[in-house]
Amino acid sequence: MNNTFNARRFGFLFRKTLLERPVQIFGLTGLILTIILMIYFICKVFFGFGPAQNISFIWGLAGGGCFLGSFMFSYFNSNASGSSYLTLPASVFEKWLSAILIAGILYPLLFLLFFRAMDAGFVALYHRGLDATSPLYKIRYDQVYLFSYTGQIAQKVYLIFFMFTGAALTGSLYFNKNNFIKTALVFCVVCVLAFGLNWLMAVMVFGEVRDAAPFHYVEVTVGTGEGEINLPQSAFDIYGIFGDYFFPVLLWSIPFIRLREKEF
Amino acid sequence: MYYLTNTLMIQIQHLSFGYNKKKLLYKDLTLTLQSGSIYGLLGKNGAGKSTLLKNLVGLLFPKGGSIEVNGFDPRKRQPSFLETIYLIPEEVYVPALTIDGYQRLFSPFYPGFDSAKFTSYLEQLDVKDEGKLNTLSFGQQKKFIIAFALACNTKVLLLDEPTNGLDIPSKMRFRKLISGIFTEDRMIFISTHQIRDLDNLIDRVIIVDEGELLLHASVGMIAEKLCFKTVNEIRDPADILYKEESLRGISVVIENKHGEESKVNLEHLFNAVTENPEKAKAIFQTRKNS
């Protein structure tokens, strides 16, 4: 018997994972998509299409993915369900893969399809509502267009999704109860510490600092002038590799190691 | 790992375990268990009974020493190992599924699962299909999990306080069912502090206290080495391992020096052994390597 991966056994596990807690998995996904639809609609009414697309995309993919991710290993909030999960005859790799597949592949795919349909619907409604005989028709028509999945904002959101969801998955294996809240708190503490230390170092080195972002830039005031000091490109590239690849991969890999070593 | 016979074996070698590094629950525990027996693991609250079961199934890892279950290292939690062992914890988990739904989702993981036997066990334990399992009473949920675990036909069955939450008729049915499903190639390991529930069920007794193995003996050997009787007066108090006054006289546990026949009273045995650990160990010659 293959103790690492068996397609049939993985199929059973994946089916069990989806159907054992349908309210959490399907209900939560449905709820997230409904909320996103409402956010899009409300933001469109008050702020216009651009902000509506950006805000709903960020919250839907990064926020929703992170929230769903925190449920993937939420068996450990009771002794009975935790024991049942860990002693289920499936390998650690299969259990990890099952969670990754749902939170990291299926949900984003479903969300992207939903978002495209929702966005296309609202944009089409807007275009259809325009007066084709108006001299401003062309300008107004071109003002609203579909959200680009390959644009800069989308790319940043993909990264945030991978970081946040990875952190949620990791956190759910370290905190048995209220894992989402505890992980969010740890994440906030890490961010505050990173920004705080960076600020402290920038003040120590440059004196009067207006703004500073870790591994990015420092805005300083010199006399009456202001200036921005950026990280050298070569250093920024190294940071980019860490931020874009190393940390997300690390955050998605830790659950596998943690699951293997978890005692309950 | 290959075995010449089908004998299943659990080997615990110099096990040390503790939740706190300074205070170990088990220190240098060595124990060998074999199939064909129903073991009763007895101990006080907090003696580490559940902890030992969790170590056997790989939910907790030894801090020192090793555990081997039929050649497997439980801490690796390999599927080929997990499908041969089933732990029924004190508190059971049932999702919001019907009996059929649960069977459909969980039984494929156990190659030995027998659907017909599952139905029969549910009937014997008087578990009715009344909607979602999580809406059933605790006792009904527990009986459901017991029926499912038995139907999985795993070689090792670990039960942690199985009778907790069961009413008196259910306890009786449980005992009957366990006796009925027992076969020589299986090992059943029951941990409990409700000692009376195991009467006439177990054939080997393990008593642990303060991280130490005090007794590991068959019921037959216990009856051979100790005498359980009721007397009107105690002539030689030095021989007494345990005494309890009752309406009929004084129930005593003494060393069986004259080959008297008596029925083992598990509760009295437990009290005798935990109150006189050194004497009990001397009588049973319980060594560290048991």
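This is a predicted model: local features need pLDDT of at least 70, side-chain atom pairs count only at pLDDT 80 or more; totals for chains, interfaces and linings use all residues.
Local features require pLDDT of at least 70 and side-chain atom pairs count only at pLDDT 80 or more, whereas totals for chains, interfaces and linings use all residues. Residues are numbered from 1 along each chain as its sequence is written, with chains lettered from A and ligands numbered from 1 in the order in which they are written.

Chain A contains nine helices and three strands, where helices (H or I, at least four residues) and strands (E, at least two) are DSSP runs numbered from the N terminus. Along the sequence, the elements of chain A follow the pattern α-α-α-α-α-α-α-α-β-β-β-α. Taken along the principal axes, the C-alpha atoms of chain A fill a box of roughly 65 × 60 × 30 Å. Of the 264 residues in chain A, 30% are buried. A residue is termed buried if 20 or more other C-beta atoms lie within 10 Å of its own, exposed if 12 or fewer, and partly exposed in between, with C-beta atoms placed from the backbone. Two residues are in contact if their C-beta atoms, placed from the backbone, lie within 7 Å. Among contacts in chain A between residues at least 6 apart in sequence, 65% join residues at least 24 apart.

Two packed helices are described by the angle between their axes and the distance between the axes. Axes are lines fitted to C-alpha atoms, for helices over the stretch in contact, and angles run from 0 to 180 degrees between N-to-C directions. In chain A, helix α3 (residues 49-72) packs on helix α7 (residues 152-174) at an angle of about 20 degrees, with the axes 7 Å apart. The two helices α3(A) and α7(A) are therefore roughly parallel to each other; angles under 35 degrees count as roughly parallel, over 145 as roughly antiparallel, 65 to 115 as roughly perpendicular and the rest as oblique. Residues of α3(A) in this contact include A:F57, A:I58 and A:L61, and those of α7(A) include A:V157, A:I160 and A:F161. By class, the contact of α3(A) with α7(A) has 14 nonpolar, seven polar and no charged residues. Here Ala, Val, Leu, Ile, Met, Phe, Trp, Tyr, Cys and Pro count as nonpolar, Asp, Glu, Lys and Arg as charged, and the others, Gly among them, as polar.

Helix α4 (residues 79-86) of chain A is mostly covered, with six of its eight residues buried. These are A:S81, A:G82, A:S83, A:S84, A:Y85 and A:L86, and the buried residues of α4(A) pack against β5 (85-88) of chain B. Between the chains, 24 residues of chain A are in contact with 22 residues of chain B. On the chain B side, the elements that give two or more residues are α2 (79-82) and α3 (99-106), and α2(B) provides the largest share, three residues. The chain B side divides into 17 nonpolar, two polar and three charged residues.

Within chain B, the axes of helix α4 (residues 115-124) and helix α5 (residues 138-151) come within 9 Å and cross at roughly 150 degrees, which makes α4(B) roughly antiparallel to α5(B). The contact is made by B:K117, B:F118, B:Y121 and B:L122 of α4(B) and B:A147, B:F148, B:L150 and B:A151 of α5(B).
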